[in-house]
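Please look at the sequence and the structure before reading on.

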Amino acid sequence: MCLAVPGKVLELEGSMGRVDFGGIQRELCMDLLPEIELGSWVLAHAGFAIQILDEEEAQKTLALFREWADFEAENSLGPTPLDGVEPSGGGDGSPA
Amino acid sequence: MAPLLDERARADALVARIQAAVTRPMALMEVCGTHTMAIGHHGLRSRMPAGLRLVSGPGCPVCVTPAEDVDRAIAMAKEPGVIVATFGDMIKVPGTRGSLAKARSEGAQVQVVYSPLDALRLAQDKPDHTVVFVGIGFETTTPTIAATMLRARAAGVENFCVLPAFKVVPQAMEALVLSPQTDIDGFICPGHVTALIGVAPYLPLAEKYGVPCVVTGFEALDILEGVAMLVEQIAAGEARVENQYKRAVPYEGNPKAMAIVDQVLQPCDAMWRGVGVIPGTGLEPRPEFASMDARTRVPVEIPPPADLPKGCSCGAVMLGLLLPSECPLFGKACTPASAVGPCMVSSEGACAAYYKYGGA
Amino acid sequence: MGARILLDHGEGGAASARLVSEVFLRWLGAPPVLEDAAVVPGAPRLAISTDSFVVRPPFFPGGNIGKLAVCGTVNDLAMMGATPRYLTCAFILEEGLELDELDKIVAAMAATAAEAGVTVVAGDTKVVGRGEVDGVFINTTGVGFVPQDVTLSAGACQPGDRVLVSGPIGDHGTAVMLAREGFGIQSDLVSCCQPLADLAAVVLEVAPGLRCMRDPTRGGLATTLLELCEASSVGIVLSEAALPIRRQVRAATDLLGLDPLYVACEGRLIAVVPDHQADAALAAMRAHPRGVGAAIVGAVVEAPAKLVLETGMGGRRPLVALEGAQLPRIC
């Protein structure tokens, strides 16, 4: 029942914070996480930060920090010929 | 390294684990509507072994909101000087006669908001109106609304109030286990609810009733891993509470958030649409916050509620007793275009998901 | 169909389709296939199309309603293989609209028309009382010429064909929604709104076997592909991994619980080409400034007429028609 999305806290002012979600930003209310620090990752739901994300654990679950490479820089998101070849991984086009 | 390729390999490994463990028929209930949608979205059912049933539970707060609450919101929206603010999820849910969307098309003041704070802001911008925020949600959402009520009080905003329709999850899960009709081998527990309430509330389900529980996240890999952990417990005859979603769920949840809820709201009985009254599974404003209870702030008359339309099987579907396709109305009288019951209307409802993803 | 017009009827999804068939086509007659523009006999062959624009807010990142009004109709003509030539434009203005705003809108129309190589040759203006329309509504009707040997149709797709898209999906709808709905989301996302006649011409030249082009607008990529399945009685299999989607669109739709496959584009084209011409078509698109990020995203298969997505997780799920608007969700 709960869409909540991870984002990184860029700024804090009073009990509001500016959070980045991979290229878009939104202000979130921090009333539910009064101990929050700059640079933390949080879960966003309905305009609030509801929980802090454990960065170390998150690294183990690749999905969280999956980087969709900046589109302009890459100039393409890697098309996939559909004739039985495995998906080439939309998003990075780069080896690392 | 191409992230999607690596994820695909990990998914394949988890599917292999699941297939190895499902050596007899097993039924898992995903309590949370967001899990239902995520499973459909990634086409995960098509990768599960035939013996494994993934059953949807009553975990869609929109679906289980009684018709009476919808009727009340509609009646309030039609009152002069009242604006009803709501999450987008609620706007098409049918009450006894029509929905908030229909009421809006007839001139009622209804505003879709992304956050309860937007509703508070609306109240501050329109001091000559009363803003009623439709307070639906499970424990992921309830703290955000309680915190908004505290802010309203601190800022002296008198024209903001909440129509309480909150639901609490763990007791509902217990009711499911106790019901003689349901047959659940394990629970896929809602990751974000648990991020707030913590892991402990599920312990009785495992320890007292012998039903394994795994707190699970919402990415495809999370769900596959949660399912793998559950079927491996079941195969080994174990019943424990495990946490697959450690990156977002500390054992204790978010005690500060739950304290805010406790400050503003108190338990009450709640009616789960199609299921019945489950004691202690609702929340309403405490007496000191009664001035923010929309039921008394905006008294309205509503038609005698009809809980579910005739023939609608949402109740049985939400308990996991029927597959959506087994409801006589499914795909015929009841489709997303002309939804009869809340499970089809709600974007997260089991029937809507089944219709959209074809049981995928 | 209920007794009133609902917002859903204007969203380009299933409710819109029902309204068109149950009211407009019932009275005005139904052609065998619903195309982007009507190609009528005569020499030269004319393509004609009309569209009305009611976008809110009228000024959004990447453009305004004027630019959109030109691009929308020009692109519908271009999708039929026509060279767009002439436009009419009719305005319905709300009493109280600032002249300054109107000026900027019309200036944008002129600039876009010049960029697209079309001339506006006729127009009309009406004004109605305050509150009777929302600011500015614009209708444009366009006329273009189709070469004798070009016949593109939504009904022409065949099993084995490839489906290409000319760039990242969902930019326009997301940019407009963020500008409109006050979700408090900041981003530097701009609408992809642009005229496409030159890109379409390049595709046609490089892939003479081209079956069909469409510009996916309301309802997004999925809705347009469903229309092709229906018109051609074929299935389409889409690859999730191949879909070009900008980070910000993915992040915004994730946050709001929306599906980018159903979010409007404006300035993108879908091309269905025979398999052996797909690589050439892709290369030509990518070499063109309006085709940056083009990709082969799917393949046409035998009936039944269903659209299926192969997910990154190795699963499959059907993509069905949206009933009406997608709404932001918290669940």
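How far apart do the C-alpha centres of domain 1 of chain B and domain 2 of chain B lie? The C-alpha centres of these two domains are 25 Å apart, in a model that is predicted.

## Confidence of the model

The predicted model has an ipTM of 0.90 and a pTM of 0.82. For chain C, the mean pLDDT is 89, and 95% of the residues of chain C reach 70 or more. Where pLDDT is low, predicted coordinates should not be read in detail.

## Domains of chain B

In the domain assignment of chain B, domain 1 comprises 67-169 + 264-297, while domain 2 comprises 314-357. Seven residues from domain 1 of chain B and nine residues from domain 2 of chain B take part in the contact between them. On the side of domain 1 of chain B that touches domain 2 of chain B, three residues are nonpolar, one is polar and three are charged.

## A helix pair in chain B

Two packed helices are described by the angle and the distance between their axes. The axes of helix α6 (residues 142-154) of chain B and helix α11 (residues 255-264) of chain B come within 8 Å and cross at roughly 60°. That angle makes α6(B) oblique to α11(B), and the crossing of α6(B) and α11(B) is left-handed.

From α6(B), the contact involves T142(B), P143(B), A146(B), A147(B), M149(B) and L150(B). From α11(B), A257(B), M258(B), I260(B), V261(B) and V264(B) contribute. The residues of this contact of α6(B) with α11(B) divide into ten nonpolar, one polar and no charged.

Note on methods. Residues are numbered from 1 along each chain as its sequence is written. Chains are lettered from A and ligands numbered from 1 in the order in which they are written. This is a predicted model: local features need pLDDT of at least 70, side-chain atom pairs count only at pLDDT 80 or more; totals for chains, interfaces and linings use all residues. Domain bounds come from an automatic or database domain assignment. Two residues are in contact if their C-beta atoms, placed from the backbone, lie within 7 Å. Ala, Val, Leu, Ile, Met, Phe, Trp, Tyr, Cys and Pro count as nonpolar, Asp, Glu, Lys and Arg as charged, and the others, Gly among them, as polar. pLDDT is the predictor's confidence in each residue, from 0 to 100. Axes are lines fitted to C-alpha atoms, for helices over the stretch in contact, and angles run from 0 to 180 degrees between N-to-C directions. Helices (H or I, at least four residues) and strands (E, at least two) are DSSP runs, numbered from the N terminus. Angles under 35 degrees count as roughly parallel, over 145 as roughly antiparallel, 65 to 115 as roughly perpendicular and the rest as oblique. A crossing is left-handed if the near helix is turned anticlockwise from the far one by less than a right angle, and right-handed if clockwise.
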